[in-house]
Number of protein chains: 2
Amino acid sequence: MNVAIQRTSDKATNRRGQRSFAFPQRPPLKSTFTVAGPLEGKGPLGQHFDTVLTDTYYGERCWEKAESKMLKEALKNCIERGLGHEKAVGLVFTGDLLNQCIAGSFAVKDLSVPHLGVYSACASFAEGLILACMAMEGGFCSSAAVGVSSHHDGAERQFRFPTELGVQRPPTAQWTTTLAAAALLDLGGDDDASSNSSKGPWIRITGATVGEVIEMGIKDPYNMGTAMAPAAVDTILTHFQDFNLRPDDYDLIITGDLGKVGSAIACDLMASRGYPVADRFDDCGLRLYQVGTPDIHSGASGTACSAGVFCAYIVKGMQRGKWKRVLFAPTGALYSPVSYKQGEPIPAICHAVALEVSG
Amino acid sequence: MNVAIQRTSDKATNRRGQRSFAFPQRPPLKSTFTVAGPLEGKGPLGQHFDTVLTDTYYGERCWEKAESKMLKEALKNCIERGLGHEKAVGLVFTGDLLNQCIAGSFAVKDLSVPHLGVYSACASFAEGLILACMAMEGGFCSSAAVGVSSHHDGAERQFRFPTELGVQRPPTAQWTTTLAAAALLDLGGDDDASSNSSKGPWIRITGATVGEVIEMGIKDPYNMGTAMAPAAVDTILTHFQDFNLRPDDYDLIITGDLGKVGSAIACDLMASRGYPVADRFDDCGLRLYQVGTPDIHSGASGTACSAGVFCAYIVKGMQRGKWKRVLFAPTGALYSPVSYKQGEPIPAICHAVALEVSG
């Protein structure tokens with residue numbers, strides 16, 4: 001079987017169950033761009049990032065401004081690489097973890113593009129891709145860009161403690177990544193005549209499953225993999241059931257970012273539900289840093305973790321033939337320091353996006 | 001002329017310029033539901049809210065939990081009113097001002113609905129309506145709900161000072177409203193046989209214009225009307241130009257929430273650009289409270305201000321024939337206390353939604 005989700009041109013069949021959708025035009029990925037922090041640049045994907053910063057300030061006087069600048073550069077370069085000029089893009093979706101999503105708002109304020117902010121925490125990139133596909137399939141634009149960002153130091157001081165305090169974190173904790181990543185979808189993207197980006201093979205989004213918010217009582221902000229694993233399992237199971245698929249319809253099923261702790265839980269839960277995935281399972285949180293890097297603990301996290309791994313690992317692996325069909329399932333922990341301090345548990349969400357290579 | 005935006009069944013013409021879109025199926029509004037705070041209940045729209053709370057805690061021990069509960073009740077009742085059961089809805093979009101959008105995430109965690117978080121600050125309701133229409137037009141769902149919320153006391157302590165301090169605010173300041181509002185769009189909504197909500201006239205969304213982020217150097221968080229007025233003018237002008245319309249193609253052009261200060265600026269700017277709107281202009285921030293209510297100053301604000309006025313004022317006015325064609329243009333200030341304290345200006349956005357009554 002070459003494709004997991006069958007192509008259809010029948011609009012009435014776009015919907016496959018309450019939460020799953022096929023994209024008949026299979027929007028192709030035209031270009032990506034990543035701006036990575038210094039630690040991320042030293043990791044296993046370092047050589048695959050487009051820009052690696054030498055320090056975490058990026059010439060700005062605070063981390064929040066640095067994050068905005070990283071996201072702006074990622075979006076601007078991604079759109080320019082794919083379409084020639086940023087004003088040529090149809091819609092731009094952004095997402096980030098900063099209070100009131102300021103990284104995205106400040107990133108696009110000089111770009112003159114139609115802007116829609118999304119929030120699914122670390123699953124925001126997947127939400128953006130899904131909404132971009134829906135807008136393109138609906139005939140509202142022929143191209144759309146999705147850009148997300150996170151910054152370790154900005155996130156730590158906002159969610160936990162200022163990094164200058166050097167507070168020790170438990171082994172279940174994950175490391176918020178300093179990274180911005182953008183992807184451009186373009187319905188004309190596989191038309192060689194109009195393309196000024198690299199030629200195929202083309203990576204296309206064939207379908208998606210939108211998440212429900214799942215909350216299982218986990219209250220520890222240093223153990224988000226455990227909080228998010230049930231949401232990942234819920235969405236991936238729903239995806240399989242809605243499209244009548246099995247794990248081996250995909251060459252790679254990659255969540256993000258559950259880390260070591262959450263990945264093990266997700267694989268166990270999937271097997272217990274009759275869908276063993278361990279032989280083709282990976283997690284974006286396990287790809288960004290070398291094993292044994294101090295303080296990374298359970299793995300990477302942050303809105304840009306799954307997006308950065310998408311651009312620098314999944315896309316490049318699909319382009320060189322490593323995987324043909326990938327289920328990309330970013331996860332997000334939908335809490336805030338306020339809800340945590342008020343004793344509330346950590347709800348989570350996972351949106352899944354099906355990717356396939358075509359020649 | 002009966003309709004402002006002409007109906008078209010040609011998918012290729014969905015796009016009217018870079019930022020403006022026609023919705024050929026004209027998604028009808030099926031139901032709404034509002035949960036208002038005590039002060040809002042005493043205002044001129046008090047009798048039009050579905051629920052009015054007697055205190056700002058709604059039986060919870062903190063305002064953030066109260067806001068989530070308000071949003072949950074608004075969404076649940078709105079969907080039940082329109083579709084019978086909340087699980088029958090296709091997609092649910094939520095937006096709020098709390099850090100990491102926790103009002104929305106916690107509101108839907110017990111509802112078992114596909115969830116997509118949006119963020120355009122106080123313009124989030126319009127963003128949700130636009131994305132809901134795009135998803136419906138693309139064939140991905142036949143119904144979608146949009147719910148937003150804000151809470152005065154939660155917002156004040158997050159953005160400015162705890163309300164217990166009684167800090168005096170200048171006359172340009174606006175009053176964040178305590179309110180949750182939800183609207184359900186349903187493509188089968190005008191089919192009387194399937195309808196268990198009130199019968200027509202039907203209010204339909206015919207088109208929309210997505211905002212760009214505009215920043216004009218305003219840095220005063222007590223003067224957001226001034227910060228947002230240029231974004232409103234930019235989006236409304238773009239709407240007129242993209243659809244080749246004039247102000248008198250609408251019976252009402254209502255921004256939200258510019259307040260007294262921002263409304264005057266917006267009208268002046270529109271006139272100076274050759275599109276005088278003052279004779280049919282209103283602002284959602286001017287509708288929620290009685291003139292002269294202490295501390296309201298320039299008017300109402302908050303994510304739920306424009307949404308609450310939409311449900312309790314615009315929709316009811318259109319239903320009883322007061323206006324046939326309305327341009328609803330909520331505005332949002334895309335800043336955070338962090339960006340403000342770092343000396344950054346306040347970027348703003350406005351998304352416009354065109355509404356028409358049909359028999």
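Reader: Is Ser150(A) buried or exposed?

Author: This is a predicted model, and Ser150(A) lies in strand 6 of chain A, which covers residues 143–150. Its relative accessibility is 2%. Buried means under 20%, so Ser150(A) counts as buried.

Reader: Which backbone nitrogen does the side chain of Ser150(A) reach?

Author: Setting aside neighbours within four places in sequence, Ser150(A) is in contact with several residues, including Glu67(A), Thr176(A), Gly302(A) and Ala304(A). The side chain of Ser150(A) comes to 3.2 Å from one backbone nitrogen, and that atom belongs to Ala304(A).

Reader: What span does helix 7 of chain B reach from its first C-alpha to its last?

Author: Helix 7 of chain B runs over residues 259–272 and has 14 residues. At 1.5 Å a residue, the expected value is 20 Å. The span from first to last C-alpha is close to this, at 20 Å.

Reader: Why do the buried residues of helix 7 of chain B line one face of the helix?

Author: The buried residues are Gly259(B), Gly262(B), Ser263(B), Ala266(B), Cys267(B) and Met270(B). They line one face because, seen down the axis of helix 7 of chain B, they fall within an arc of 135°.

Reader: Which exposed residues does the face turned away from the buried side of helix 7 of chain B carry?

Author: The buried residues of helix 7 of chain B have a cover that includes helix 6 and strand 11 of chain B. The face turned away from that buried side carries the exposed residues Lys260(B), Asp268(B) and Ser272(B).

Definitions and conventions
Residues numbered from 1 in each chain as written. Chains lettered and ligands numbered in written order. Predicted model: local features only at pLDDT ≥ 70, side-chain atom pairs only at ≥ 80, totals over all residues. Heavy atoms only, no water. Helix = DSSP H or I, 4+ residues; strand = E, 2+ residues; numbered from the N terminus. Buried < 20%, exposed > 50% of the residue type's maximum accessible area, 1.4 Å probe, protein only. Contact = heavy atoms within 4.5 Å. Polar contact = N/O pair within 3.5 Å; in protein donor to acceptor, adjacent residues only side chain to side chain. Expected span 1.5 Å × (residues − 1). Arc of directions from axis to C-beta.
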